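Hi,

Here is the structure I said I would pass on.

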Amino acid sequence: KEAAEAGDGKAKAAKKEKGPDCDTYYSDSYSFMGIHETMLRDAPRTGSYHAALTRNAATLVQGKNVLDVGCGTGVLSMFAAKA
């Protein structure tokens, strides 16, 4: 049993040395405020989302429930609510 636990510990240590996997690295990057500020300041990106929601509100949003999964700052939720 001890040998199995030691082997398991080595595997965990090797994985830790490699660093986080791509999904973890990507997800963790959103825990820093700087990325949210960067996205909010990206006028073409944010403006495109706003335009898409407001121009298509009658068919996409009005009278429907909208769920913004992982909403971060909530700006897209606010655009949908206003549309």
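Let me start at I35, which sits in helix α3, residues 33–41; helices here are DSSP runs of H or I of at least four residues, strands are E runs of at least two, and both are numbered from the N terminus. I35 counts as partly exposed because its relative accessibility is 30%, where buried means under 20% relative accessible area, exposed over 50% and partly exposed in between, with a 1.4 Å probe and protein chains only. Together with Y26 and Y30, I35 makes a nonpolar surface patch of about 280 Å². A patch takes residues with over 30% relative accessible area and no salt bridge, joining like charges within 9 Å and nonpolar side chains (Val, Leu, Ile, Met, Phe, Trp, Tyr) within 5 Å.

Before you go further: this is a predicted model, so local features need pLDDT of at least 70 and side-chain atom pairs count only at pLDDT 80 or more, while totals for chains, interfaces and linings use all residues. Residues are numbered from 1 along each chain as its sequence is written, and side-chain values use heavy atoms, with hydrogens and water left out.

On confidence (pLDDT is the predictor's confidence in each residue, from 0 to 100), the protein averages 82, and 80% of the residues score at least 70. Helix α1 (residues 2–18) is where confidence is lowest, at a mean of 59, and α4 is where it is highest, at 94.

Overall, you get six helices and zero strands. Of the 83 residues, 13% count as buried. The accessible surface comes to about 7000 Å², and carbon and sulfur atoms account for 59% of that; areas come from the Shrake-Rupley method with a 1.4 Å probe, and for residues only the protein chains shown count as cover.

Back in α3, H36 is buried, as its relative accessible area is 13%. What does H36 touch, leaving aside residues up to four places away in sequence? Y30, G72 and T73, with contact meaning heavy atoms within 4.5 Å. G70 itself is in the loop between α5 and α6 and is exposed, at 71% relative accessibility.

There is one salt bridge by the rule used, namely a side-chain nitrogen of Lys or Arg within 4 Å of a carboxyl oxygen of Asp or Glu. R41 and E37 form it, at 2.9 Å from N to O. They are about one helical turn apart because they are four residues apart in α3. R41 is exposed at 65%, whereas E37 is partly exposed at 43%.

Last, α4 (residues 43–55): its 13 residues reach 17 Å from first C-alpha to last, close to the 18 Å expected at 1.5 Å a residue, where the expected span is 1.5 Å times one less than the number of residues. T46, A51 and L53 are buried in α4, and the buried residues of this helix pack against α3, α5 (57–60) and α6 (75–82).

Cheers
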